[in-house]
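Biologist: Before I rely on any label in this model, I would like to go through the terms one at a time and hear what stands behind each.

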Amino acid sequence: YFVSHFWGTAFSHFVAALRQHAFSTGSPSWEEISYWVCFLSNNQWRVTEEVGGGDWRESSFYRALRSGLCRATCMVLDAQAL
């Protein structure tokens, strides 16, 4: 799953939301579900390079979404988002 999130979300809420999502998939092996999270996947000190250096097709986001390994997008929201 490709994870979309708000940088202001508390990390504990973020982890709890992903855990709840994993449980909700109905997978018997929820611990084996994979998530692509930009702040864990991108070098935050080299953001320009990580986002493709001007070519969006070279960005890690595009590559993750087009890899064939992402089933869907998982959005992490808080109660105020709705």
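The conversation below sets computed values against the definitions behind them.

Modeller: This is a predicted model, in which local features need pLDDT of at least 70 and side-chain atom pairs count only at pLDDT 80 or more, while totals for chains, interfaces and linings use all residues. Residues are numbered from 1 along each chain as its sequence is written, and side-chain values use heavy atoms, with hydrogens and water left out.

Biologist: What makes the meeting of Asp-55 and Arg-57 a salt bridge?

Modeller: The term requires a side-chain nitrogen of Lys or Arg within 4 Å of a carboxyl oxygen of Asp or Glu. The N to O distance between the side chains of Asp-55 and Arg-57 is 3.4 Å, so the pair qualifies under that cut-off. A search of the whole structure finds 1 salt bridge.

Biologist: Why are Asp-55 and Arg-57 called partly exposed?

Modeller: Buried means under 20% relative accessible area and exposed means over 50%, with partly exposed in between, using a 1.4 Å probe and protein chains only. Asp-55 has 25% relative accessibility and Arg-57 has 45%, so both receive the intermediate label.

Biologist: Why does Thr-9 count as buried?

Modeller: Its relative accessibility is 19%, and therefore Thr-9 counts as buried. Thr-9 is found in the loop between strand S1 (2-4) and helix H1 (11-24), where helices (H or I, at least four residues) and strands (E, at least two) are DSSP runs numbered from the N terminus. Leaving aside neighbours within four places in sequence, Thr-9 is in contact (heavy atoms within 4.5 Å) with Phe-14 and Val-76.

Biologist: What makes Phe-61 partly exposed, and which residues is Phe-61 in contact with, leaving aside its neighbours within four places in sequence?

Modeller: Phe-61, whose place is in helix H4 (residues 60-66), has a relative accessible area of 28%, and is therefore partly exposed. With those neighbours left aside, Phe-61 is in contact with Phe-2, Trp-36, Cys-38, Asn-42 and Val-51.

Biologist: How do the residues of the lining of the largest pocket divide?

Modeller: They divide into 7 nonpolar, 2 polar and 2 charged, where Ala, Val, Leu, Ile, Met, Phe, Trp, Tyr, Cys and Pro count as nonpolar, Asp, Glu, Lys and Arg as charged, and the others, Gly among them, as polar. The lining includes Glu-32 and Arg-71, along with Ser-34, Ser-67, Trp-36 and Leu-69; by that scheme Glu-32 and Arg-71 are charged, and Ser-34 and Ser-67 are polar.

Technical notes:
On a 1 Å grid over the protein atoms alone, a cavity is a set of points where a 1.4 Å probe fits but cannot get out, and a pocket is an open set with protein on both sides within 12 Å along at least five of seven lines; lining residues have an atom within 4 Å of a point.
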